[in-house]
Amino acid sequence: MTLEDTTGTPGGTTPPKDDYLERRTLRRGSAGWLLLTGLGVAYVVSGDFSGWNIGLSKGGFGGLAVAMLLMGAMYACLVFALAELSAILPTAGGGYGFARRALGTWGGFLTGTAILIEYVLAPAAISIFIGDYVESLGLFGLESGWPVYLVCFALFIGIHLWGVGEALRFSLIVTAIAVAALVVFALGAFTDFHVDGLNDIPVDDEAFGSNSWLPFGLLGIWAAFPFGMWFFLGVEGVPLAAEEAKDPVRSMPKALAISMGILVLLAVVTFLAATGARGSAAVQEAGNPLVVALQGDGEPTALSRFVNYAGLAGLVASFFSLIYAGSRQLFALSRAGYLPRFLSLTSRRKSPYLGLLIPGAIGFALAAGTGNGARMLNIAVFGATISYALMALSHIVLRRREPGLHRPYRTPGGIVTSSVAFVLALSALVATFLVDRTAAFMALGVYVIALAYFAFYSRHHLVAGAPEEEFAALAAAEAELARD
C-alpha cells in the first residue's frame, strides 16, 4: 500500500479503498472495566512518587494544596465530560474524535496534536527518570544514559507489539505493585507525622498575601498548578482504548470514575504523608521525595528501600501506558488522514506497529539527546492543558448543538461541569508560562509547525470512511434533514 491509496473526491475528503480500514483495525473486546481502570491509574501513578513535590518550592504546602484541589476538580469535571463523550463516540480517537464531532476538522486536529505532544514527550521524560532510578539503586551496575533508555523503549514497545490484551494485563500488575507501595509508604510515614512540618518553608515577605502556609503568596498557588496536575496527568487517556474495550458504552464511564476516585485518594494520602513525615522543606526538591520522607539524611531502612524499588515500578507503569496512549492517538489521526496514512497500518496481532515504533524512536532520540526530563514533562503539560480546554469545549458545544443526541451516560451537572473544567484548563495553560517559559514556547513552536502541515496539506486529504469522519458526516446529514 502506498501513502496515497485512496481516490480523491471534492470537498477535502477521500473515500477509502475496500481494504483500507481492514488493514487498520484494532483487536476489539480486549479490555474490560478492570483493565481500563488499571490503565487510568497506570497513566498517572508515577506522579505520586516524584515531581509533584517541586510544587512546594513554587507555592509552599498551602499553595500546592490549593493547586492540587483545583486541578483535582478540573480533572474530575473533565472525566465526567469524557465519560459522556466516550459513550457517544467509542472510537480510538478519544479526545480528538470528540473535538472532530463538535468543533470540525480544525478542532479535531488542534486537540489531537496537543494530545500527541503530551503522549510523545511524557514517555521520553519518564525513561530518563527510570534511568536515574536504576543508577541510584545500583541495579546491575548501570548508569543512567542512552543504553537504559533504549532498553526501556525496546522492551516495552515489544510487549505492546505482542498484543493489547497482554500489554494491559502487564500494566495492571505493575500498577498494582506501585499502588500497594504507596499504601505501605503512607502507613509508615504517618507514624512520624508532625503538623508543624507542613509549613516549614521560609516565608517570602515581599510576596503578596504570603504567610507560613502560603510562603510565596497568592501567585504561588497559580505557579503550583502544573505540579498539582502531576497527581492526575494522563487519566484522560482512558477513552483512547474505546475500540479495544468490551462494551465501551458501559465500561468506559465506569473505569473513568473508579480510576479518578483511586487517584484522588492516593494524591491526598501521599501528599500529607510525605510532607508531614519529614517537612515540606526537606522534600520540596528531592528526586525521590517518598524515600526522603522516610529516611531523611539517615541510612536506608527496609521500608525506604522497598518504596524506592516500587517507585521504579510506578515509573514503568506510567511509561508503559503512555506509550500505549500515544500509539492509539497517532493511529486514529493517521487512519483519518490527518497524519500520513501508513502510520495507522496494523500487524497480524492488530497492533499499530508504526504508531508504536515511530513515536518510540522520537522519544528515545529526545531522551538520549537532551537528558532533560523536567523540560520534556513541562512541554507535555503544555500540550495536555490545551487538549483539556478543547475537550471540555467539545462537551459544551455538543450539549448545545445536539441536545437530542443519544447519551447512554450523562455528565452530572451538564455543561456547568465541563465549563468548570474549561476555565481551570485555561488557567493551567497560562500557569505553564510561570513555571517554564522556554518549555511553553518550545511546545508552541511544535504546535505551529503541525498546524502548518494541516493547513497546507492534510486537511485536503482526509479519509471519508474513517470512524470519526463518518460520525461527523452523519451529524451533518442529520442537521441538514432537521433544517429541511
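The structure is a predicted model, and every value below was computed from it.

**Salt bridges**

- Side chains of opposite charge can pair when their charged atoms come close.
- Arg399 and Glu84 form such a salt bridge, and their closest N and O atoms are 2.8 Å apart.
- A second salt bridge joins Glu402 to Arg101, with 2.7 Å between the closest N and O atoms. Glu402 sits in the loop between H14 and helix H15 (415-435), whereas Arg101 is in helix H4, and the two are 301 residues apart. Both Glu402 and Arg101 are buried.
- Asp247 and Arg250 form another salt bridge, in which the closest N and O atoms are 4.0 Å apart. Here Asp247 is partly exposed, with a relative accessible area of 45%, and Arg250 counts as exposed at 67% relative accessibility.

**The backbone at Asp247**

- Asp247 lies in the loop between helix H8 (225-229) and H9.
- Most residues other than glycine have a negative phi. Asp247, which is not a glycine, has a positive phi near 45°.

**Aromatic pairs**

- A pair of aromatic rings is described by the distance of the centres and the angle of the planes.
- The rings of Phe109 and Phe454 count as stacked because their planes meet at 10°, with the centres 4.5 Å apart. Phe109 is in helix H4 and Phe454 in helix H16 (residues 437-456), and this pair links parts of the chain that are 345 residues apart. Phe109 and Phe454 are both buried.
- Phe156 and Phe320 form an edge-to-face pair, with 5.9 Å from centre to centre and 85° between the planes. Because Phe156 lies in helix H5 and Phe320 in helix H12, this pair ties together parts that are 164 residues apart in sequence. Both Phe156 and Phe320 are buried.
- Ring pairs also link a cluster made of Trp52, Phe61, Tyr75, Trp213, Phe231, Phe232, Phe271 and Tyr388.

**Helix H13 and its surroundings**

- Helix H13 covers residues 353-370, which is 18 residues, and its span of 26 Å from the first C-alpha to the last is close to the 26 Å expected at 1.5 Å a residue.
- Buried residues in H13 are Leu354, Gly355, Leu356, Pro359, Gly360, Gly363 and Ala367. The buried residues of this helix pack against helix H4 (95-137), helix H5 (146-162), helix H12 (302-335) and helix H14 (373-401).
- Phe364 is also in helix H13, but Phe364 is partly exposed, with a relative accessible area of 21%.
- Leaving aside residues up to four places away in sequence, Phe364 touches Trp146, Tyr149, Leu150 and Phe153. The C-alpha atoms of Phe364 and Leu121 are 9.8 Å apart in space, although 243 residues separate the two in sequence.
- Just after H13, Gly371 takes a positive phi of about 65°.

**A nonpolar patch on the surface**

- Trp33, Leu34, Ile258 and Ile262 form a nonpolar patch on the surface, and together they have about 330 Å² of accessible area. Helix H1 (33-44) and helix H9 (248-278) are the elements that give two or more residues to this patch.
- Ile262, one of the patch residues, is found in helix H9 and counts as partly exposed at 30% relative accessibility.

Conventions: Residues are numbered from 1 along each chain as its sequence is written. This is a predicted model: local features need pLDDT of at least 70, side-chain atom pairs count only at pLDDT 80 or more; totals for chains, interfaces and linings use all residues. Side-chain values use heavy atoms; hydrogens and water are left out. Patches are made of residues with over 30% relative accessible area and no salt bridge: like charges are joined within 9 Å, nonpolar side chains (Val, Leu, Ile, Met, Phe, Trp, Tyr) within 5 Å. Accessible areas come from the Shrake-Rupley method with a 1.4 Å probe; for residues, only the protein chains shown count as cover. A salt bridge is a side-chain nitrogen of Lys or Arg within 4 Å of a carboxyl oxygen of Asp or Glu. Helices (H or I, at least four residues) and strands (E, at least two) are DSSP runs, numbered from the N terminus. Buried means under 20% relative accessible area, exposed over 50%, partly exposed in between (1.4 Å probe, protein chains only). The expected span of a helix is 1.5 Å times one less than its number of residues. Contact means heavy atoms within 4.5 Å. Rings of Phe, Tyr and Trp (its six-membered ring) pair if their centres lie within 6.5 Å; planes under 30 degrees apart count as stacked, over 60 as edge-to-face and the rest as tilted.
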